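Subject: Structure handover

Hi,

Here is the structure I promised to pass on. Please load it first, then read the notes below.

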Amino acid sequence: MKKIYTLFILISTLLLSGCIISNDDEPKSYEVGLDVLYELNDEVRGLDIIVDLTMDFDVSEVTDFYVTLSYMVNATTEDLDYKLQLPSATKVNFFEVTGKQAMLTLEAELFDYQGDYVSAYATVQFKKGVTNHIYELKSIKSTNLYELALVSEGTFATEILESYEPSAEFPELEISLSASLNNEFRGFDLASVLTSNETLESLEVTYGFIYILNDDEAIYLNTPGVTNITKEEVITLDLLTNFDTNIKNTTLDYELDRVYARSFVTVTKEEETYTYYSEVVDFTLYELALESTGSFAEEIIAEVEYQEPDQTVLTLVSVNANTTNYTITLVSDHATATISTDYLKVTVVVTLDTGYSFSNNLIFKFNNKVVSVSNYTIVNNKLTYIFNDPNWSGIY
């Protein structure tokens with residue numbers, strides 16, 4: 001029994017020693033920044049999905065390193081909610097990275113340029129010593145080839161854009177968009193104005209607004225995650241000069257949630273359609289409130305700009321003293337007080353602790369009575385209060 005106990009102690013000591021050595025061998029942190037980038041590939045007429053890593057260490061310093069890219073075409077809401085971890089998504093593991101990037105190329109012929117959306121998500125995992133590290137992409141990234149072509153250069157981008165040029169001649173039209181706070185409905189308004197230098201035809205249209213939160217990518221009608229507000233009024237292009245909508249009772253964070261919005265008009269001509277978009281406007285409710293008046297605007301500004309009172313600035317200082325034997329009986333926190341007399345005047349001096357100061361609106365109480373500001377002086381962090389000595393007999 002004694003031998004078994006000794007063996008147990010020895011094994012425990014070795015294990016503990018191993019853990020200590022392993023932990024000492026590890027730095028405080030191995031931080032990794034993750035992003036997913038999309039690029040059109042001219043050479044193969046395809047799409048590159050790039051996992052971009054930001055690391056302050058070399059991969060050779062760790063073990064079991066690998067990057068997992070999950071992607072899916074036309075992901076459902078459920079797929080997106082589960083971060084593309086469902087079996088319907090395709091997963092690719094990369095055990096090596098080049099220049100801190102891992103890349104997968106997809107053939108473009110697999111996609112409808114404008115109708116098919118690719119969504120991607122990424123993680124990176126590795127081990128250092130006995131510790132496993134895992135980092136995840138903050139949000140799923142989605143795009144389609146047409147949207148990439150709009151912001152890309154090269155022959156493939158040109159080919160994509162030209163494939164969507166309508167054969168019918170559509171009028172030149174510009175749409176402007178503005179946003180404002182709606183105090184009555186505790187939300188925000190979007191308003192658009194259409195302008196054209198030509199006489200507009202009586203063409204069938206649909207129109208409205210799209211917006212998305214906290215995503216500064218270019219947005220279109222079929223962008224995953226956008227809120228689409230299509231106006232129900234039946235109207236033709238020649239009669240459409242302006243339109244607006246209001247978003248009521250919003251639950252957005254006043255300062256942190258940023259809205260990216262644009263308006264659209266889709267015109268049908270000779271069985272072809274063409275969609276006009278405004279420029280994207282972005283705003284927070286706080287930014288709108290600064291340009292507005294009303295109770296809702298005031299509430300937003302007050303909540304965002306509210307600051308906790310500085311606890312080192314004292315707004316109330318109280319001192320109690322026995323004026324018969326000239327002793328201090330009570331003084332506020334973060335202060336000390338002295339009392340003295342020359343038998344004509346009593347002098348009370350209150351000194352604040354280091355790091356504290358008197359408020360400009362100080363209330364000073366002596367023996368539970370508020371002292372007028374004209375009866376005491378403050379120099380730096382020292383308050384001096386002088387009053388007639390109540391014990392003076394008048395014979396001196």
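Is E270 buried or exposed? E270 counts as exposed, at 62% relative accessibility. Keep in mind that this is a predicted model. E270 sits in the loop between β14 and β15 (272-277). Its backbone is worth a look too. Phi of E270 is near 50°, a positive value in a residue other than glycine.

N214 is another such case. It is not a glycine, yet it has a positive phi of about 55°. You will find N214 in the loop between β11 (204-213) and β12 (227-230). With a relative accessible area of 44%, N214 is partly exposed.

Now the aromatic rings. A search of the whole structure gives 18 aromatic pairs. Take Y66 and F95. Their ring centres are 5.7 Å apart and their planes stand at 45°, so this pair is tilted. Y66 belongs to strand β3 (residues 63-73), while F95 is in the loop between β4 (90-94) and β5 (101-107), so the pair ties together parts that are 29 residues apart in sequence. As for accessibility, Y66 is partly exposed at 24%. F95 is exposed at 56%.

Next, Y254 and F296. The centres of these rings are 6.0 Å apart and the planes are at 80°. Why does the pair count as edge-to-face? Planes over 60 degrees apart fall in that class, so the 80° between Y254 and F296 makes the pair edge-to-face. Y254 lies in the loop between β13 (242-247) and β14 (259-269), and F296 is in helix α6 (residues 295-305), so parts 42 residues apart in sequence are tied together by the pair. Both Y254 and F296 are buried.

There is also an aromatic cluster. Its members are F364, F366, Y376, Y385 and F387.

Two charged side chains lie over rings:
- K248 is over the face of F185, 4.4 Å from the ring centre.
- R262 has its charged end over the ring of Y220, 5.2 Å from the centre.

On to the nonpolar cores. In soluble globular proteins, nonpolar side chains tend to be buried together. The largest nonpolar core here has 42 residues. Which of its residues touch the most other members? They are I49 and L145. Several elements give two or more residues to this core: β1 (32-41), β2 (46-55), β3, β5, β6 (118-128), α3 (145-150) and α4 (155-162). The largest share, 6 residues, comes from β6.

Leaving out residues up to four places away in sequence, I49 touches V36, L37, Y38, L69, Y71, A102, M103, L104, L106, V118 and A120. A second, separate core has 35 residues. Among them are L194, I229, V259 and A289.

The pairing of β1 with β2 is antiparallel and runs over 10 bridges.

K128 stands opposite T131 in β7. β6 and β7 form a hairpin, with 2 residues between them. In the turn, G129 has a positive phi of about 65°.

Between strand β17 (residues 313-322) and β18, the pairing is antiparallel, over 4 bridges. Here N320 stands opposite L330 in β18.

Best wishes

Conventions
Residues numbered from 1 in each chain as written. Predicted model: local features only at pLDDT ≥ 70, side-chain atom pairs only at ≥ 80, totals over all residues. Heavy atoms only, no water. Phe/Tyr/Trp six-rings, centres within 6.5 Å; stacked < 30°, edge-to-face > 60°. Buried < 20%, exposed > 50% of the residue type's maximum accessible area, 1.4 Å probe, protein only. Lys NZ or Arg CZ within 6 Å of the ring centre and 35° of its normal. Core = buried A, V, L, I, M, F, W, Y, C linked by side-chain atoms within 4.5 Å. Contact = heavy atoms within 4.5 Å. Pairing = 2+ DSSP bridges.
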